[in-house]
Amino acid sequence: TMERAVPRSHMSPVLALLTLPLVEAFWKRRPPQPLPATDEPVGQSAMLLIVLSIVACCCVPALLARLRGAGGAARLIDGKAIAAAIRREVKQHSEALIASHKVTPGLAVVLVGARTDSATYVKMKKKAAAEVGFHSIDKTFEESVTEEALLQCVQELNSDPSVHGILVQLPLPKHIDEAKVLESIRVEKDADGFSSENVGNMCLRGGKPPLAVPCTPAGCIALLQRSGVAVRGKECVVVGRSNIVGMPVAHMLQSMDGTVTVCHSKTAGLPAHVRRADIVVAAIGAAEFVKGDWIKPGAVVIDVGMNTKPADTAKGFRLCGDVDFDAASRRASAITPVPGGVGPMTIAMLLKNTLNLARHAAGLPRLPLRAE
């Protein structure tokens, strides 16, 4: 299953049993009523008692739930399971592309320096590419590499017909102009979906669709859609305005007919904005920035953050998101965990972008990155 239910307290039967004596006491205090002239299979008293008991069983739990929030804990939106399903789909389409057009999707990853986190992420991308049958190329450079050498590498990959997607792992060393390097990637090979042409096509209403879209925002949308969350007509609040997540996901939600508000750390009255939201996307990069009592009862929460907080563990810390998960999950109807929520989706959507770029190179239409 792609969604796991967090255990809830089974309160309805208990409340019903507790309510029955109250209903019975109320009925006994009621002034006597004359009996009807005709016999009835069930007496009025018994019938009314049954009806009132059913009403109490249904309404009292709902009322208490409303008073305390969403009434129990939210269901978890399982990013690992959804990402695995997307990877399986990508593998099937990749095999079909190889069989029909003799085109194997190719992904090139450029890594500069020896940052442990970047190296780990690149290793995960390579493993995922191999699992879906992609051709992969690694280009690794020392921290001291010149900007000219890096640009030359990108140009060589641009000219390599076996490479359909190019990804330069960020951040780059300070002496290299990141924007210049990213802009040197041909739009037809922009696996991250960050080129100005792809971003422009994503934001425009009508016209041709982008060849690729930013991976993490696309993953957020896939989580919502594959969890059965409707966006049309909903109040959507995006907390964070980065070019990588906040702004792209805001445009995607708007294209799905959501009413979108973009907030950030300088927004006045930020909690009030979040409390209106039916859907919250938190991508501000601060540990547990969004508090539980900011969440509207029944809202859906997508937590993009990946932070650490001190904890009594062997490592001395534990991972957490941009949302106070424990408190928010008692009010939300659904929420992504950290880890295991948005994180796995980023690589899955990178693979889908690369597949679409390979299809484009073969003259085939793209596979929708989200349901249209």
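Visitor: What share of the 372 residues in the protein chain is buried?
Guide: Buried means under 20% relative accessible area, exposed means over 50%, and partly exposed lies in between (1.4 Å probe, protein chains only). By that rule, the buried share of the 372 residues in the protein chain is 44%.

Visitor: What are the ground rules for the model?
Guide: This is a predicted model, in which local features need pLDDT of at least 70, side-chain atom pairs count only at pLDDT 80 or more, and totals for chains, interfaces and linings use all residues. Residues are numbered from 1 along each chain as its sequence is written, and side-chain values use heavy atoms, with hydrogens and water left out.

Visitor: How many helices and strands are there in the protein chain?
Guide: Helices (H or I, at least four residues) and strands (E, at least two) are DSSP runs, numbered from the N terminus. On that basis the protein chain has 12 helices and 12 strands.

Visitor: Of the contacts with a separation of 6 or more, what percentage joins residues 24 or more positions apart?
Guide: Contact means heavy atoms within 4.5 Å. Among contacts in the protein chain with a separation of 6 or more, the share from residues 24 or more positions apart is 71%.

Visitor: Which element gives the most to the lining of the largest pocket?
Guide: On a 1 Å grid over the protein atoms alone, a pocket is an open set of points where a 1.4 Å probe fits, with protein on both sides within 12 Å along at least five of seven lines; lining residues have an atom within 4 Å of a point. The largest pocket has 43 lining residues, with Tyr-121, Gln-169, Thr-216, Met-306 and Thr-346 nearest its centre. Strand 5 (165-168), helix 8 and helix 12 (343-361) are among the elements that give two or more residues to this lining. With 7 residues, the top contributor is helix 4.

Visitor: What is the volume of the largest pocket?
Guide: Grid points are joined across faces, edges and corners, and the volume is the space filled by probe spheres set on the points. For the largest pocket, that comes to about 1300 Å³.

Visitor: What is the distance between the closest N and O atoms of Arg-115 and Asp-117?
Guide: Arg-115 is partly exposed at 40% relative accessibility. Asp-117 is partly exposed too, at 44%. They form a salt bridge, and the closest N and O atoms are separated by 2.7 Å.

Visitor: Is Lys-208 buried or exposed?
Guide: Lys-208 meets Glu-197 in a salt bridge (3.7 Å, N to O). Lys-208 lies in the loop between helix 7 (196-203) and helix 8, and Glu-197 in helix 7. The relative accessible area of Lys-208 is 54%, so Lys-208 is exposed.

Visitor: How are the rings of Phe-289 and Trp-294 arranged?
Guide: Rings of Phe, Tyr and Trp (its six-membered ring) pair if their centres lie within 6.5 Å; planes under 30 degrees apart count as stacked, over 60 as edge-to-face and the rest as tilted. The ring centres of Phe-289 and Trp-294 are 5.9 Å apart and their planes are at 90 degrees, so the arrangement is edge-to-face.

Visitor: Which residue with positive phi follows helix 9?
Guide: Helix 9 (residues 246-255) has buried residues including Pro-248, Val-249 and Leu-253. Their cover includes helix 7, helix 8 and strand 6 (235-239). After helix 9, with phi near 70 degrees, comes Asp-257.

Visitor: How far apart are the C-alpha atoms of Lys-80 and Gly-341?
Guide: Lys-80 is in helix 3 and is exposed, at 55% relative accessible area. Beyond four places in sequence, Lys-80 contacts Gly-340 and Pro-344. Lys-80 and Gly-341 are 261 residues apart along the chain, yet their C-alpha atoms are separated by 6.6 Å.

Key
Salt bridge = Lys/Arg side-chain N within 4 Å of Asp/Glu carboxyl O.
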